[in-house]
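This report describes one protein model, going from its overall layout to selected elements. The sequence and structure come before the details.

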Amino acid sequence: MTWLDLVTIMRNSANDIGGVLLSSDSVLAIYEYVKRSIEMLISKKIDVMVKAVTKTSIDELIRRYSNGEAVVSLLTTLYLDKHSKVSLLVLMELNSGRRIAEVLLSKIDLELTEDYAIDALREFMNIIAGSYALRLSNIIGKSITYDIPEVIIEIDRAIISELIIPLAIKVNEVIFHDVAMKCKDDDVSMNILIMSESNVKN
């Protein structure tokens, strides 16, 4: 199946963002594009595994991700229109976050400091969000904007305070992706989570 075939199928079969985000073909196409963008940025080959594409309850998200571990969380929101938005969250262990920052800073001859590391990780998330937005925009035929990414290094804050609680006020279920990416020759790994309240009603 060509990319043009995929776009035609998606536009004909999914009249809402919920249909696109739950389609295995569109999801695989989006993350393959994101994977290539990350590989170009950090000059490393990456394996990608789509672990979940489903609707899930807010309670299940809290149960799954309230594990008390310290993580680097990169968070942004993609806006499809006035009524549809998608939360994009990248989670990684502290060592993975440090390694990615080191790789990016070494390209511009900067030493690793806390401020430079946060700037590097914010740019890393910019690339991920931009790649995701571009591929999704091609599928749905709409322009997509997104917020400046937020970098959080703290236990559970991004998952609970920044993302899940605001969603819980509005809906009981969300469209949810869990995608794991891991460098083939390094100890860098991350999970990309997508949560959308679009077309999911109480």
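## Overall layout

Which pattern does the protein follow when read along the sequence? The order of its elements is α-α-α-β-α-β-β-α-α-β-β-α-β-β. In total there are 7 helices and 7 strands. The model is predicted, not determined by experiment.

Of the 202 residues of the protein, 48% count as buried. The protein exposes about 10,100 Å², and carbon and sulfur atoms supply 49% of this area. Among contacts with a separation of 6 or more, 72% come from residues 24 or more positions apart.

Strand β7 covers residues 189-196. It is largely enclosed by the rest of the structure, because 6 of its 8 residues are buried, a class that requires under 20% relative accessible area.

Two pairings of β7 can be described. With strand β3 (residues 85-93), β7 runs antiparallel, and 6 bridges join the two. One of the paired positions is leucine 91, whose bridge partner in β7 is asparagine 191. Strand β6 (residues 173-183) also pairs with β7 in the antiparallel sense, over 8 bridges. Here methionine 181 stands opposite methionine 190 of β7. In a regular strand, side chains alternate between the two faces of the sheet.

## Packing of α3 against α6

How are α3 and α6 arranged where they pack? Helix α3 spans residues 24-42 and helix α6 spans residues 114-140. Their axes lie 9 Å apart at an angle of about 145 degrees, and the crossing is right-handed.

On the α3 side, the residues in contact include Ile30, Val34, Ile38 and Leu41. On the α6 side they include Phe124, Ile128, Leu134 and Ile139. The residues of this contact divide into 15 nonpolar, 3 polar and 2 charged.

## Leucine 22 in the α2-α3 loop

Leucine 22 lies in the loop between α2 (17-21) and α3 (24-42). Is leucine 22 buried, partly exposed or exposed? Its relative accessibility is 33%, so leucine 22 counts as partly exposed, the class between the 20% and 50% limits.

The contacts of leucine 22, not counting residues up to four places away in sequence, are with Val53, Thr54, Lys55 and Ile175. Valine 53 is 31 residues from leucine 22 along the chain, and their C-alpha atoms are separated by 6.1 Å. Another of the contacted residues, Ile175, falls within the range of strand β6 (residues 173-183).

Notes. Residues numbered from 1 in each chain as written. Predicted model: local features only at pLDDT ≥ 70, side-chain atom pairs only at ≥ 80, totals over all residues. Heavy atoms only, no water. Buried < 20%, exposed > 50% of the residue type's maximum accessible area, 1.4 Å probe, protein only. Helix = DSSP H or I, 4+ residues; strand = E, 2+ residues; numbered from the N terminus. Pairing = 2+ DSSP bridges. Contact = heavy atoms within 4.5 Å. Axes fitted to C-alpha atoms, helices over the stretch in contact; angles between N-to-C directions. Left-handed = near helix turned anticlockwise from the far one by under 90°. Nonpolar A, V, L, I, M, F, W, Y, C, P; charged D, E, K, R; others polar. Areas by Shrake-Rupley, 256 points an atom, 1.4 Å probe, with all protein chains shown as cover.
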